[in-house]
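Biologist: Please set out the overall make-up of this model with care, and then take a close look at a single part of it, stating the cut-offs behind each term.

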Amino acid sequence: MSEAAAHEEREAMEYDVVIVGAGPSGLAAAIRLKQLAAEAGTEVSVAVLEKGSEVGAHILSGAVIDPKALNELFPDWKAMGAPLETPVTEDRFVVLGPQGDLDIPMWPMPKFMHNEGNYIASLANICRWLGQQAEALGVEVYPGMAASEAVFDEEGRLKGVVAGVFGIDRNGEKGSDYQPGIELNGKYVFIGEGVRGSLAKQLKAKFDLCAGCDPEKYGIGLKEVWQVPDEAFTPGLAQHTVGWPLDDKTGGGSFMYHFGDNYVAIGFVVHLNYKNPWLSPFDEFQRFKHHPEIAKHLEGGKRIAYGARAISEGGLQSVPKLHFPGGVLLGDSAGFVNVPRIKGSHNAMKSGMMAAEAAYAAIQAGRSRDDLVEYEQAYQASWVRKELHLVRNAKPILTKFGTLLGGAIGMFDMMVTNALGGFSFFGTMHHTKSDAESTGLAKDHKPIVYPKPDGVLSFDKPSSVFLSSTNHDENQPAHLRLKDPSIPISVNLPRFGEPARLYCPVGVYEVLYDEKGENPRFQINFQNCVHCKTCDIKDPSQNIVWTTPQGGGGPNYPNM
């Protein structure tokens, strides 16, 4: 938040629970709170704040949905019309090479790696549906309201958040349309901002929530939705690949799901602990689509959507303390993604439900703004933690041994761990450094020359940004802040080749030169930002800070 909007008198609204983020965790929490109140014949006031222009506008996921949490929240979700329309009918796991591919049979893999009983869907549309259910139960949902500041009481407890600040101009001054925003206070505040949210990051630091945890780990996921002709469409197919175009020491892989009205959701994930600063996840994704095993699924089709987001990959070892005075962390703000399953929405929803149950009981007991230790206790005893415990070594093994050998060892470890109730011969392996610290020096790595996009299967960043329907008011302050504006050119460029221009999936960052090819300068095109947070994570100097822009800005994903 700009200095112009700080320390200002604002209208305040009081609720029992304020929830930041209308993702699966926040909406499940809101719904569960209202369900509990209805069951007991009591009242509980709940507000949900969403920075996107509408619920679902900033939601992007694969997605193959495990309906486990949804079954608990709404046992009759099918009759209610939840948009999980395409059951998985075929599971494929493929290793790609430069010249061919190898199918890996599914039968040796642990049962939880199979997608039988799961559904291919748009998580954005599921969140839209959950938002409708929440509003029908009496939840107040406020889209276009970015929570930009945490508010603390005199004892240092989280009291609420400031949302809806508009009209600060690019110089940080109040414009003619300035609105100071509203302070929304709650007996408890739930933080469900998604991966690397700005408030969650501040609260983790303020309350030392990551003490005793491994460094947080992340990937970047890039996704497109295509609409393909009947001859290329296999409804219910869920295919995952590893290997080409990434080398064995660079973790990642792809997903491809056929669903709905001849839609193919295709995506590429790169683990952000990669070493080569010349690597561009976007360009790896584009050339990946030219592999014959992939291209045949897109032949004759049309790309209709594009987006990107960071993915929480630290797993069990990186999950922080979940509660602090006045609030809790939900979903991806805590990091509940199951990396080998490439799934997290079911765990996110369950985390919201557990937090809701803890908060409801506390409110009924007359408590407020204390530590909801009951939420942490519920998590420790839940199937969420059990699931993360069974796969806890998958990511560290990949980091240590590489994709092929690490994948084989990791699969064996998961089979043993699953069979022996959580025991692993490796014990619990650990993440030793952050993704930023993993970035190698430019001089130690060979630059990568990527093929030019053909406009049929592969595309450039500007046309991709267009498909994300991203928009920001250009007169607002840049929400991508540099701690030291000199670092990109004085440090990152000579040491790392300034990797921001490559790891950003939408061309936000550029290094520009004068007509003589001299005097480089760093340019931030913040209007292109799709809020993936990769820069905040991967910048080797940790100089870039992602902050929330004015509400309603960013991507407007239709069915991602």
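Modeller: Among contacts between residues at least 6 apart in sequence, 78% join residues at least 24 apart, where contact means heavy atoms within 4.5 Å. This is a predicted model, in which local features need pLDDT of at least 70 and side-chain atom pairs count only at pLDDT 80 or more, whereas totals for chains, interfaces and linings use all residues. Residues are numbered from 1 along each chain as its sequence is written, and side-chain values use heavy atoms, with hydrogens and water left out.

The protein contains 17 helices and 24 strands, both taken as DSSP runs numbered from the N terminus, with at least four residues (H or I) for a helix and at least two (E) for a strand. Its radius of gyration, taken over C-alpha atoms, is compared with a globule rule of 2.2 Å times the number of residues to the power 0.38; because a compact globule of 560 residues would have a value near 24 Å, the 23 Å found for the protein agrees with that rule. Along the principal axes, the C-alpha atoms fill a box of roughly 65 × 60 × 45 Å. Of the 560 residues, 61% are buried, that is, under 20% relative accessible area with a 1.4 Å probe and protein chains only.

In general, strands of a sheet pair through backbone hydrogen bonds, either parallel or antiparallel. Between β3 and strand β7 (residues 119–120), the antiparallel pairing runs over two bridges, and I65 stands opposite Y119 in β7.

Leaving aside residues up to four places away in sequence, G243 touches L96 and T403, while L404, 161 residues away in sequence, lies 7.8 Å from G243, C-alpha to C-alpha. T534, found in helix α17 (residues 534–538), is likewise buried, because its relative accessibility is 1%. With residues up to four places away again not counted, T534 touches I220, L272, Y503 and D539.

Definitions and conventions. Buried < 20%, exposed > 50% of the residue type's maximum accessible area, 1.4 Å probe, protein only. Pairing = 2+ DSSP bridges.
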